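Take a moment with the chain before reading on. We will follow a few of its parts, one after another.

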Amino acid sequence: LHGGRRFDRVKGLLWRQGDEIRANPPAWPRELDVPTARDAVDNAAYFRLGGQGGVETKRGCNRTCLYCADPLAKGSVTRPRNPAAVADEVESLLAQGVDVLHLCDAEFNLPVHHAHAVCEEFIRRGLGERVRWYAYLAVVPFDAALAEAMRRAGCVGINFTGDSAAPSMLKTYRQPHGRDDLALAVRACRDNGIGVMIDLLLGGPGETPATIADT
């Protein structure tokens, strides 16, 4: 602050210039690297009182869904974590007795190769037999291979960002999937014993009784 550095050169900085608040563009790292010990708070007490352990495998979302604040809150660039670091964090929570987790990614399967890598690391360490976890997923890309990998890695429930099944509304919400993709996603979950739910948005721009009935 006193070293004479120009504030406008510090990426991600919010600073005051006279009566104006300036916001510099952020600097997104290629990978997200955060501590894995999870020892700052009493996670076990939170778990006993009905909570879950929250874990991120990445941060940010590069999708442009009409309504979503995640790109603003978490960044519009996806920064993945090393799957080994994610598994380390899960093991830290397990050591505290926390064995039910929620993966807090905006969409766990974006990008899909990272989702597979996290599942493979969980499976390699045997975590799939020790934890139960839930996740948010985009409807696409999702197939039987990912569903099986997630089940083996301990996944017991998926919440899909479905929004609608009416083509006009999906276009409005800027969703790349269609009704057939929704059906395939649900079937892949059913075939692998994974609980499934679909988030719907009713009443968005252009919604009519006919599009609701279609959904």
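Contact here means that heavy atoms lie within 4.5 Å. Helices (H or I, at least four residues) and strands (E, at least two) are DSSP runs, numbered from the N terminus. This is a predicted model, in which local features need pLDDT of at least 70, side-chain atom pairs count only at pLDDT 80 or more, and totals for chains, interfaces and linings use all residues. Residues are numbered from 1 along each chain as its sequence is written, and side-chain values use heavy atoms, with hydrogens and water left out.

Start with helix 3, residues 83-95. Its 13 residues should span 18 Å at 1.5 Å a residue, and its end C-alpha atoms are 18 Å apart, so the two values agree. The expected span is 1.5 Å times one less than the number of residues. Asn82 caps the N-terminal end of helix 3: one of its side-chain oxygens lies 2.8 Å from the backbone nitrogen of Ala84. Just after the helix comes Gly97, with a positive phi of about 90°.

Which residues of helix 3 are buried? They are Pro83, Ala85, Val86, Ala87, Glu89, Val90, Ser92, Leu93 and Leu94. Buried means under 20% relative accessible area, exposed means over 50%, and partly exposed is in between (1.4 Å probe, protein chains only). The cover over these residues includes helix 1 (43-48), strand 3 (53-55), strand 6 (100-103) and helix 4 (112-124).

Now look at charge. Side chains of opposite charge can pair when their charged atoms come close. A salt bridge is a side-chain nitrogen of Lys or Arg within 4 Å of a carboxyl oxygen of Asp or Glu. By this rule the count is 12. One of them joins Arg38 to Glu89, with the closest N and O atoms 2.5 Å apart. Arg38 sits in the loop between strand 2 (20-23) and helix 1, and Glu89 in helix 3, so the pair ties together parts 51 residues apart in sequence. Arg38 counts as partly exposed because its relative accessibility is 23%. Glu89 is buried, at 5%. Glu89 also meets Arg81 in a salt bridge of 2.7 Å, N to O. Arg81 is buried, as is Glu89.

Where is Glu56? Glu56 lies in the loop between strand 3 and strand 4 (58-59). Glu56 counts as buried because its relative accessible area is 18%. Its salt-bridge partner is Arg59, with the closest N and O atoms 2.6 Å apart. Arg59 is partly exposed, at 28% relative accessibility. Neighbours within four places in sequence aside, Glu56 is in contact with Lys74, Arg81, Val86, Cys104 and Asp105.

Finish with the strands. Two strands pair if DSSP finds at least two bridges between them. Strand 7 (residues 132-137) and strand 8 run parallel, joined by five bridges. Leu137 has Phe160 as its bridge partner in strand 8. From strand 7 the chain crosses through helix 5 (residues 144-152) to strand 8, in a right-handed β-α-β crossover. Right-handed means that, with the strands pointing away from the viewer, the path from the first strand over the helix to the second runs clockwise. Strand 8 also pairs with strand 9 (residues 195-200), in the parallel sense, over six bridges. There, Phe160 stands opposite Ile198. How many of the nine residues of strand 8 (155-163) are buried? Eight are, leaving the strand mostly covered.

Note on methods
A polar contact is a pair of N or O atoms within 3.5 Å; within protein, one must be able to donate a hydrogen and the other to accept it, and residues adjacent in sequence count only if both atoms are side-chain atoms.
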